[in-house]
Amino acid sequence: MGKMNYIEHIDEWKSSFGDAHYETRVRFCETDMFGHLNNTVPFIYFETARIRFFQQLGFMNDWANPLNEAMPVVADLQCDFIRQVFFDETLKVHVKVHKLGNSSVDLHYMVTNKRNELCLTGRGTLVQLSKKTGKTIHWTEEMKQNLLSGQ
């Protein structure tokens, strides 16, 4: 396994994720002709984990409200493929806050199989923007506390 530039110590990094995760089973339509996970699919897994994470924090209802000015935008997203994943495997997808900015949050993702082997790692930055102006909106103190304690 090569070194991912956003992970210094892999064992510490893995243990920093809480127990919260969601399970998914690799569907046939998510694979190529060899039954191997298509390289676009992990980003869907990351999105699902991210949405569930923000739902648990109570952010999604506010962002989805048409009267609310703030919205989340993914600024960048990265995935590293550590172990091959195949049709019908069950995966656990974890997400955590790595770094919190004024209006952004860097999230890390970890995907493991049933044997608890690391299959995929990822990271991405999400920025809170104004629907009206497109400019950043700072996290409130309450949002910051929720993000930092939601791990």
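The model is predicted, so local features need pLDDT of at least 70 and side-chain atom pairs count only at pLDDT 80 or more, while totals for chains, interfaces and linings use all residues. Residues are numbered from 1 along each chain as its sequence is written, and side-chain values use heavy atoms, with hydrogens and water left out.

Helices (H or I, at least four residues) and strands (E, at least two) are DSSP runs, numbered from the N terminus. Helix α2 covers residues 41-57. Next select Gly58, which follows α2 and has a positive phi, near 85°.

Now go to the largest pocket. On a 1 Å grid over the protein atoms alone, a pocket is an open set of points where a 1.4 Å probe fits, with protein on both sides within 12 Å along at least five of seven lines; lining residues have an atom within 4 Å of a point. This pocket holds about 190 Å³ of space. Select Ala20, His21, Phe53, Gln56 and Val95, which lie nearest its centre among the 14 lining residues. The elements that give two or more residues to this lining are α2 and β3.

Turn to the salt bridges (a side-chain nitrogen of Lys or Arg within 4 Å of a carboxyl oxygen of Asp or Glu). The count comes to seven.

Select Arg25 and Asp88, whose closest N and O atoms are 2.7 Å apart. Arg25 lies in strand β1 and Asp88 in the loop between β2 and β3, so this pair ties together parts 63 residues apart in sequence. Arg25 is partly exposed at 49%, and Asp88 is partly exposed at 38%.

Next come Arg27 and Glu30, a salt bridge with N and O atoms 3.4 Å apart at the closest. Glu30 is buried, at 8% relative accessibility.

Finish at helix α4 (residues 141-149), where Glu141 and Lys144 lie three residues apart, about one turn of the helix. Their side chains meet in a salt bridge at 3.5 Å, N to O.

Notes. Buried < 20%, exposed > 50% of the residue type's maximum accessible area, 1.4 Å probe, protein only. Expected span 1.5 Å × (residues − 1). Points joined across faces, edges and corners; volume = space filled by probe spheres on them.
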